[in-house]
Amino acid sequence: MPSLTKQDISALKNFTEEFNRQKAQKNFYSLLSEITCEELFDSSEKFSTKNGCLNYMCDILFQMGYVNSNYRTEIMEREALSSTALGNFAIPHALKMNAYKTGIFILIPEAPIPWDGHEVCIVLMMCFHPNDRKVFNEVFDNIASIFIDPAKVEQLIPCRNYTDFICTLLKLL
């Protein structure tokens, strides 16, 4: 029986890594398809303040039936504890998972938003239904693995529509 060469082992390793990467992308895409949509993507707004942005996003989530009328207060309370801005992006969220529906509102403003000493270029407002803790963990882990790298965030900033953003996000995973 012939033994595997170093080249064979390397090819198998590359194949396995690519297979696992594609599987992770497919899984992530499936989750994103459930909790994001074109109506929760905006790249046409300009905000001069963090609060203006947060109010706008909370209003949309409320109008679309994702959250209750207290969500804005919950978001502001969370922001008061510590900023959700991390460099040039922010991930505002409530402390409790009590949304009517799980969703992520993706906002790429026309110009950076002044946000607690940062210039935020991407905002991902997250809301999670209590039964979606597993979804939260999987989605947040994947998003964190992408957004931890400033070069990857820079590749997302030019996205001006939902499809472009999601495709770019998946490529970066």
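A residue is buried under 20% relative accessible area, exposed over 50% and partly exposed in between (1.4 Å probe, protein chains only). Cys53 is buried, at 0%. Cys37 also counts as buried, at 18% relative accessibility.

This is a predicted model: local features need pLDDT of at least 70, side-chain atom pairs count only at pLDDT 80 or more, and totals for chains, interfaces and linings use all residues. Residues are numbered from 1 along each chain as its sequence is written, and side-chain values use heavy atoms, leaving out hydrogens and water.

Stay with the cysteines. How many disulfides does a search of the whole structure find? It finds zero, where a disulfide is a pair of cysteine sulfur atoms within 2.5 Å. For Cys53, the closest cysteine sulfur is in Cys58, at 9.1 Å, too far for a bond. For Cys37, it is in Cys127, at 10 Å, again too far for a bond.

Now the rings. The whole structure holds six aromatic pairs. Rings of Phe, Tyr and Trp (its six-membered ring) pair if their centres lie within 6.5 Å; planes under 30 degrees apart are stacked, over 60 edge-to-face, and the rest tilted. Phe136 and Phe140 form a stacked pair, 5.5 Å centre to centre with 20° between the planes. Both lie in helix α4 (residues 133-147), four residues apart, about one turn of the helix. Helices are DSSP runs (H or I, at least four residues), numbered from the N terminus. Phe136 is partly exposed at 23%, and Phe140 is partly exposed at 31%.

Elsewhere, ring pairs link Phe47, Tyr56 and Phe105 into a cluster.

Definitions and conventions: Helix = DSSP H or I, 4+ residues; strand = E, 2+ residues; numbered from the N terminus.
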